[in-house]
Amino acid sequence: MSRLALRADLARRARTLVTPEGLALPLTVGSRGARAGALILDLMIIVFGLIAIIVLFSAVGLSLFDIGAESDAGPIFNLLSIVMILVLFLARYGYFLWFELGPRGATPGKRTVGLRVAARDGGRLTAEMVIARNLVRDIEVILPIAYLLVIAFGGGSEIGVSGWALFAWLMLFLLFPFFNKDALRAGDLVAGTWVVETPKAKLEEAMSLAPDRSRVYHFGEQELSVYGEHELQVLESVLRQDRPEALQEVAAAIARKIGWEPGAGDEREFLEAFYAALRGHLESRMRFGERKLDKFS
Amino acid sequence: MVLALFRKAEIEPPADIEAASLRSDRFRLEREMDWKRLDAIVTALEKNRPGRISDEDLLDLPVLYRKTASSLAVARETSLDAATLDYLEALVRRAWFQVYGPRIGLGGWLRRFLGGGWSASVRAIWLDICIVLAVMVAGTLVGWLLVEQEENWYYSLVPGEMAGGRGPGADPETLRQTLGTAEADGLGVFATYLFSNNTGVCIMAFALGFFFGIPTLLLLVYNLALLGAMYWVFAEASLGIDFAAWISVHGTTELGAILLSGAAGLHVGRSMAFPGDRSILAAMQSAGVRAAQVMAGCTIMLIIAGLLEGYARQLVGDTPSRFAIGGGMLALWVIYFAFAPAPREHDT
């Protein structure tokens, strides 16, 4: 995806949530692709976990298939089958509930792709909401997948009209996230939740700790009014990344724009001084309620 | 030396605050300690290790959260440092998730649920339960009346493999045998299998509720008509009482679960059709959360029904004892749902 399309996609998924303290927090709704990926990861974890349990059983010398063939297998097989069915039940319901009720509000799959569950109204995410969204998951995900497997392996011929009607109904649930802008599942809708991204950010160094060079490089009002906030933040990321060729390029571009003669060897010092001066200039105007978003405004 | 590696990294005070030439950077450096403290607390909470947080930090958590939130609000208006703004936004968001996250885990929820949350939500949908109960009774009557009028209806109502020889005009002795106790081998497996199967019926009854509840009612009419038809066959062979006893062992619990899940589905469907003065979304949400509680309870009822069907019904053969078990379960459910007090609000 091109950078422009990526930014448009981000803007489309950006929401603002007002916390009970009245603070507006920007949130990004999880993309449908990421959520499908998270679900596939979770299902894979469940399936591989179950396989591991079966392998574990057979390692102890209990093969389900061998015993199943004999009719007089006795109590061990009985017990084992009960344990297996209970494990399946837990895998189906317990897995999602356990993890989404935890402090991260996310299953391992969601965590891996950087998503979590949150209350849509900005209030508390209650246990009841998580239960509701996961019970409906059964209808909208597990049943359609099971049904698809039946059609794929059992042959579609015996399904009949009512079977296809049911299939269409189930597909409606499965495709529900494509019919609303917040990518809500039917379960999210019912429970009042949504799935949002959880980016983590590290606290970077403060920028103006470098020695004050406002005497060496003196920028006037005219030179500082060329750029706006957007350019300032681009410059900030260039300075933080600290790649020599990028510094050189940007320093040359700025010098040309403000009509200075670009020097050689002092790009970083020049850019740091310009950054500090520009930020000071823009921030002082900001305090008076004047904002300059970019060089065109 | 080695121990030092495992010790928690201390939060270092920032370098010389006065050295920062920008006012917004000084603002940031003055508050950085608080942000880092909040960050450490939130990280420990996310890792589910609240034991690592000192008492002092835990007491300060709400204060730190509000301070950081207000730092963010001020920074947005005075600072153009994108990295700091990003950090603050991410930090406040993470803290918000922790402060307003679920307070109880799966175990805590289960305890509260069984201790009254379930019965309270069942009582809350009493109207839907009444409607569904009426529909189920009507369905049974329809099945009975149809087959009484015209026996061929039986074959279109009951699928062949389910009938298992229990058709109209079947030999009473054969019918009596189907009501008997099978040998006890493999009963546990049978019971657990039945449980998974019945869960499917309940979930369908609930899921179809999203279509304004009408498919739920149709599904219930059909399933109960099937029961009515089968009851007629046994009544014809003058085994009506025995059949009722045979069914009641697990049926009072299982039909109860189907009743509740149908009612839960209808509750959601009804609130979509008649949201009142709220928006459809808001009405659906409160109905959905309530219905989900009822549904979670149905799963428990179905586990019990499966055990009763697999074990009790096959082990207890005589009609009075069967009635005693079935009636006892029914009484238990009714008492629980009607009288178990709702949990107090504070621990959601």
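Colleague: How many residues does the contact take from chain A and from chain B?

Modeller: Keep in mind that this is a predicted model. The size of an interface is often given as the accessible area lost when the parts come together. Here we can count residues instead: 59 come from chain A and 58 from chain B.

Colleague: Which elements of chain A supply at least two residues each to the side that touches chain B?

Modeller: Among them are strand E2 (24–28), strand E3 (115–119), helix H4 (75–100) and helix H12 (267–287) of chain A. H6(A) gives the largest share, nine residues. By residue class, that side of chain A has 32 nonpolar, 11 polar and 16 charged residues.

Colleague: And chain B, what does its secondary structure come to?

Modeller: Chain B has 14 helices and zero strands. Of its 348 residues, 41% are buried. For contacts in chain B between residues at least 6 apart in sequence, 79% join residues at least 24 apart.

Colleague: Let's take one helix pair. At roughly what angle do the axes of H2 and H4 of chain B cross?

Modeller: The axes of H2 (residues 23–46) and H4 (residues 82–99) of chain B cross at roughly 40° and come within 10 Å. That angle is why H2(B) counts as oblique to H4(B). The crossing is left-handed.

Colleague: Which residues of H2(B) and H4(B) meet there?

Modeller: H2(B) brings residues including Trp35(B), Leu38(B) and Asp39(B), while H4(B) brings Leu91(B), Arg94(B) and Ala95(B), among others. This contact divides into six nonpolar, two polar and four charged residues.

Methods. Residues are numbered from 1 along each chain as its sequence is written. Chains are lettered from A and ligands numbered from 1 in the order in which they are written. This is a predicted model: local features need pLDDT of at least 70, side-chain atom pairs count only at pLDDT 80 or more; totals for chains, interfaces and linings use all residues. Helices (H or I, at least four residues) and strands (E, at least two) are DSSP runs, numbered from the N terminus. A residue is buried if 20 or more other C-beta atoms lie within 10 Å of its own, exposed if 12 or fewer, and partly exposed in between; C-beta atoms are placed from the backbone. Two residues are in contact if their C-beta atoms, placed from the backbone, lie within 7 Å. Ala, Val, Leu, Ile, Met, Phe, Trp, Tyr, Cys and Pro count as nonpolar, Asp, Glu, Lys and Arg as charged, and the others, Gly among them, as polar. Axes are lines fitted to C-alpha atoms, for helices over the stretch in contact, and angles run from 0 to 180 degrees between N-to-C directions. Angles under 35 degrees count as roughly parallel, over 145 as roughly antiparallel, 65 to 115 as roughly perpendicular and the rest as oblique. A crossing is left-handed if the near helix is turned anticlockwise from the far one by less than a right angle, and right-handed if clockwise.
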